[in-house]
Amino acid sequence: MPHPSEPSKSFTSIEALMQAIALLRTLINHYLAQRQHLETPSPEAFDPQTLDQAMAAAPTLQTLGAVFGLSRFEGVILLCCAAQALYPDIGEQLAIAHQNPETPYLTFQLACQCFPDPHWDAILDHRPLRRWQLLHNADTPEIPRARLQIDEAILHYLMDQPYHDPVLSSVCTPLANPATDPLQPSHRHILNQIVAVLGNGENSSPLIQLCGTYTKIQTAIAAHVGQHLGLSLYRLPSDAIPSDRADLQRLILRWQRWYALNPSLLIVDAQSVPVTAERARPPLIDAFLETVNVPVLVSTETRLSLSHPAVITFEVEGLLYAEQLQLWQQAWPPEDDASRPILAQLASQFRLSAAMIRTACATIQSESPASTPETRDRLWNFCRRQARPQLEALAQRINVQSTWDDLVLPERETAILHQITTHVRQQAKVYQQWGFSGKTQRGLGLSVLFAGASGTGKTTAAEILANELHLDLFRIDLSAVMSKFIGETEKNLRRIFDAAEVGGAILLFDEADALFGKRTQVKDSHDRHANIEVSYLLQRMETYQGLAILTTNLKDNLDQAFLRRLRFVLNFPYPKTPERQRIWQRAFPPQTPLAALDYGVLAELDITGGVIKAIALNAAFLAADANEPVTMQHLLSATQTEFLKEGRSLSTIDRRDWEDTK
């Protein structure tokens, strides 16, 4: 039936194919008449050139012959197999030709007898019919007598239907063309280089490798490449590449055949492939890419070491600051001068896509067209929410509520915390406007070390910074990061830092002594790779433009190389009596009913702020259960419970002081 989209062309093509099949019938009858030693009747007189002309007039048959290099003999075999599938009654002619009613089908042996210009090598597997799987033959030890059957996809193609290969459709997904969104200059530069390489007209097909975690940008670049070269885009997940050698070769051949008939661009998604120093060349992906020999792009998080003789690699990064700022300014009302500073901060703090920037601006403006501080706050928080999902799967987000009133520190340490907030707030001006990021990204990372005993306020200080800067705080679970498998730890760290870059989140490596310890002398391969992990971490800390906070109870155990790369080192001292009294005075919320508490006596307890908060909370539960205000007796009981947990007990002097407060 005619193709619905192009009725006139399809009708002409199918009509020409039917005419060629009719002449093929005449050819078979001519063979039967000759074999029976009968004089061929004039209506059945046959001129082979008429069949050639009819086959040349069928566009799809002509295309198959030209693309795959079919000989005249092979073309007639293909036509006969198509006729056999379309007209079962042809089987009767073929059975008569075989002189066997049990063989109503074409065999290579019969084709050599009745078709013009036969050649024996047409049956060999390197010739087009079998190499490109245009035909299939039944499993039999006698291949010349095997039934020849046309491939389903090739039959549909001959009938001028959209080319569809069921083998490929089960693993390859067509991608909707996202090339409508223009690329930014840094990504357009990559696009131009790829197009220049793939469009140079040479027979060789270099392999393009796109590295990084910005998979959407990689896909957009691939879509633009396909658009420039006039190719559709398809995605092949790396885990869909079969491990069986025969299935792998079949997949390669089918894609090569697809490319020959329907030129397309394939992007192999290898983002989830585990890559280590010892396993940088995944065997299945490597075997597929080395053999496929048509334009292919590889999307991978980490650079792969591949056997392909011509691998061209591009590191795909997020949008540059200037590109993001321009997008923010284009999407936000230009007359809103009051919002220009916040737009610069957004461009510096978040690494959002062009589509997400436009979505953020449109959403906030629809909620509140007027430019107010509340509107700008909503815009900032909208960006925070969009950047969360990537990191929430890798780390624990802390819901921060602590303020400066919740932390008691000496003035010098408090001043350093305020300096840290200044560095985060002003990084757009210093790095971008004043040019500090123009030459190198090294040394721009804002890494801070909080050192001190447990309970001295390190985590609380991190929460205060996040609350003050209106940024998300994520605690890194070191048990999930560190791996006994070589190369896995740095891979986990890379994912965390790359995900954090999107939203400029604050990373809290709590109690990081195990991961950030001194580098060891190399005694075996594990020591060598442990040092590689440390070196990789140092490099990421230097380039991460968000805030990374490391906490430790044992500062002396840290490698000096770490300390040199830290912007700030903040020591949290063990609180003395005056600091402990201030902590006790702030330990209870204003709503908590309190009896006359002697904060001077409480401050004599030699404990940290974290322990004070635990005692205050426990005492509040005791008072609530007794339906009383919090008293010194409740605090005494809570203190004894806390000390028992730590294996301590109140001294006689402490008890006497508590008794005096009754």
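Me: Which residue stands opposite Ser-264 in strand 6?
Reply: Ser-232 stands opposite Ser-264 in strand 6. Please note that this is a predicted model, in which local features need pLDDT of at least 70 and side-chain atom pairs count only at pLDDT 80 or more, while totals for chains, interfaces and linings use all residues. Residues are numbered from 1 along each chain as its sequence is written, and side-chain values use heavy atoms, with hydrogens and water left out.

Me: How many bridges join strand 5 to strand 6, and how do they run?
Reply: Strand 5 (residues 232-237) is joined to strand 6 by 6 bridges, and the two run parallel. Two strands pair if DSSP finds at least two bridges between them. Strands (E, at least two residues) and helices (H or I, at least four) are DSSP runs, numbered from the N terminus.

Me: How many residues of strand 6 are buried?
Reply: In strand 6 (residues 264-269), 6 of the 6 residues are buried, so the strand is largely enclosed by the rest of the structure. Buried means under 20% relative accessible area, exposed means over 50%, and partly exposed lies in between (1.4 Å probe, protein chains only).

Me: Which way do those residues point from strand 6?
Reply: Ser-264, Leu-266 and Val-268 point one way, while Leu-265, Ile-267 and Asp-269 point the other way. The residues on both sides are buried. In a regular strand, side chains alternate between the two faces of the sheet.

Me: How far is Leu-229 from Leu-265 in space?
Reply: The C-alpha to C-alpha distance between Leu-229 and Leu-265 is 9.0 Å, and the two are 36 residues apart in sequence. Leu-229 lies in helix 11 (residues 215-229) and is partly exposed, at 27% relative accessibility.

Me: What does Leu-229 touch?
Reply: Leu-229 touches Val-195, Leu-198 and Gly-199, leaving aside residues up to four places away in sequence. A contact here means heavy atoms within 4.5 Å.

Me: Changing topic: how many salt bridges does a search of the whole structure find?
Reply: The search finds 21 salt bridges. A salt bridge is a side-chain nitrogen of Lys or Arg within 4 Å of a carboxyl oxygen of Asp or Glu. Side chains of opposite charge can pair when their charged atoms come close.

Me: What does Arg-25 pair with?
Reply: Arg-25 forms a salt bridge with Asp-89, and their closest N and O atoms are 3.0 Å apart. Arg-25 lies in helix 1 (residues 7-35) and Asp-89 in the loop between helix 4 (72-86) and helix 5 (90-98), so the pair ties together parts that are 64 residues apart in sequence.

Me: Are those two buried or partly exposed?
Reply: Arg-25 is partly exposed, with a relative accessible area of 22%. Asp-89 is also partly exposed, and its value is 35%.

Me: And where do Glu-367 and Arg-378 lie?
Reply: Glu-367 is in helix 16 (residues 354-367) and Arg-378 is in helix 17 (residues 373-392), so that the pair links distant parts of the chain, 11 residues apart. Their side chains meet in a salt bridge with an N to O distance of 4.0 Å. Glu-367 is exposed, with a relative accessible area of 51%, whereas Arg-378 is partly exposed, at 32%.

Me: What about Asp-472 and Arg-384, where are they?
Reply: The side chains of Asp-472 and Arg-384 meet in a salt bridge, at 2.8 Å from N to O. Asp-472 sits in the loop between helix 20 (458-469) and strand 11 (473-475), and Arg-384 sits in helix 17; this pair links distant parts of the chain, 88 residues apart.

Me: Buried or exposed, those two?
Reply: Asp-472 counts as buried, at 7% relative accessibility. Arg-384 counts as buried too, at 15%.

Me: Which residues are linked in a network of salt bridges?
Reply: Asp-151, Asp-165, Arg-254 and Arg-257 are linked in such a network.

Me: Last topic, helix 14: which of its residues are buried?
Reply: In helix 14 (residues 321-331), the buried residues are Tyr-321, Glu-323, Gln-324, Leu-325, Leu-327 and Trp-328.

Me: What covers them?
Reply: The cover over the buried residues of helix 14 includes helix 10 (185-198), helix 15 (340-349), helix 16, helix 17 and helix 19 (427-433).
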